[in-house]
Each structure stands twice: as structure tokens, then as C-alpha cells.
Amino acid sequence: MKTWPMWVAGTIALAAAFHILTVFGLPYGIMDRAMAGIVAEAGGVNKPVYPESATAASRGIVRPSPDLLYTACAYDVSERPVKLTSPVPDTYWSLSTFASNTDNFFVVNDRQVKTGRIEIILASSEGAATEEGIPVIVTPSSKGIVLFRSLVPSEDLRAEIEAKRRQSNCKPL
């Protein structure tokens, strides 16, 4: 009796199982590791961290740009909504939110913000208690990452943009 068909079928089944586990599990593992690093540096969830400017050795953020200042926050909306606030400088600026599986589910940039400041609430559902007049973004997962980016177009503006960046916040309601 030939056993090679059984070996081929077993190998294909094993490869398929590993492929499925990788495709569906790896994004969550990546985000768990990234969130753990942010939480450790910030001293908890729903607290911002203001890393130093990116260098060639920086790898806290994938493919960081030395022309951008980053602010990161690991959010958790499982118990209550989180309010995101930030001044918007007169340069490129963006706010991106990522779910626990690495999906980018909301982005806003300086061209879309009509005032010099933004306030957004992240919530786990539409009916969550929020502040009146502030837009609510429903998150696809209770945990994830918020990333603020600010462009530093010239070194003489770095201090001003840095001061505004340090006012970026994410805190529970």
C-alpha cells in the first residue's frame, strides 16, 4: 500500500492550518506587542506617549519619518469611551486609529479639521455616553492604537510644533 498520498494530504492540511493561523492570528499578535510597548512607556492605557524624533535606529513605529513627530496612545473603550483631543498645527497633521487586528478604521488630517483643534470620542457602540457636539467614532474592537502625526517642515518650527504635540491627549470620559 502506498503511503505517499497520505503524506501529501497531511502536509497540505498542515500547511493550510498554519496559513490560516498566520493570516488570522499574526495581526493580533503584532498589535498586542505594539500596544504593550505603548502602555509600558505611557504608564497605562488611555495615556499618550510622546516619543523622541525618529532616527535610523527608531523602530517603535513602522517606517518612521524623521520629519514627523509622533504621539501614540493605546486605547481601551471596553468600560467607557475615550476622548481624543489635539491642537492642529499650521502644517501637515493627522490622527489615525487602528483596531486590534491592525485595521486602520478612521483617519482625519489637518485639511479636514476646520478649526485649530480637534475633539473626537472613540466608543464601543453608538449609544455610549458622550459629550454633546463631539463626533463619535465607533471602534470595531475595544482595544487598539491612536497615532497622531505632525510634520516639522523646518527646525526653527520644531519647538512650536513639539509644544502643540504634547497637548495631544486620549483619556476616558
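This report describes the fold, the surface and the salt bridges of a predicted model.

**Overall architecture**

The chain contains two helices and nine strands. Their order along the sequence is α-β-β-β-β-β-β-β-β-α-β. The radius of gyration is 20 Å, well over the 16 Å that the globule rule gives for 173 residues, so the chain is more spread out than a compact globule. The C-alpha trace spans about 75 × 45 × 30 Å along its principal axes.

Of the 173 residues in the chain, 37% are buried. When contacts between residues at least 6 apart in sequence are considered, 71% of them join residues at least 24 apart. The chain exposes about 10,400 Å², and carbon and sulfur atoms supply 59% of that area.

**A nonpolar patch**

Helix α1 covers residues 4–42 and includes Trp4. With a relative accessibility of 54%, Trp4 counts as exposed, because the cut-off for that class is over 50%. Together with Val8 and Ile12, Trp4 forms a nonpolar surface patch that has about 330 Å² of accessible area.

**Helix α2 and its cover**

In helix α2 (residues 158–165), the buried residues are Ile161, Glu162 and Arg165. These residues lie on the same side of α2, because they cover an arc of only 105 degrees around the axis. Their cover includes the strands β2 (68–76) and β8 (143–151).

**Salt bridges**

The structure holds four salt bridges. The table gives three pairs, among them one that involves Glu162 of helix α2.

| Glu119 | Lys83 | 3.8 Å |

Glu119 and Lys83 form a salt bridge. Because Glu119 lies in strand β6 (residues 117–123) and Lys83 in strand β3 (residues 82–87), the pair ties together parts that are 36 residues apart in sequence. Glu119 is partly exposed at 31% relative accessibility, whereas Lys83 is buried at 12%.

Arg166 is partly exposed, at 40%. Glu162, Arg165 and Arg166 belong to one network of salt bridges that share partners. Two members of this network, Glu162 and Arg165, are also among the buried residues of α2.

Notes
Residues numbered from 1 in each chain as written. Predicted model: local features only at pLDDT ≥ 70, side-chain atom pairs only at ≥ 80, totals over all residues. Heavy atoms only, no water. Buried < 20%, exposed > 50% of the residue type's maximum accessible area, 1.4 Å probe, protein only. Helix = DSSP H or I, 4+ residues; strand = E, 2+ residues; numbered from the N terminus. Arc of directions from axis to C-beta. Contact = heavy atoms within 4.5 Å. Patch = residues over 30% accessible without salt bridge, like charges linked within 9 Å, V, L, I, M, F, W, Y side chains within 5 Å. Areas by Shrake-Rupley, 256 points an atom, 1.4 Å probe, with all protein chains shown as cover. Salt bridge = Lys/Arg side-chain N within 4 Å of Asp/Glu carboxyl O. Rg over C-alpha atoms; globule rule 2.2 N^0.38 Å.
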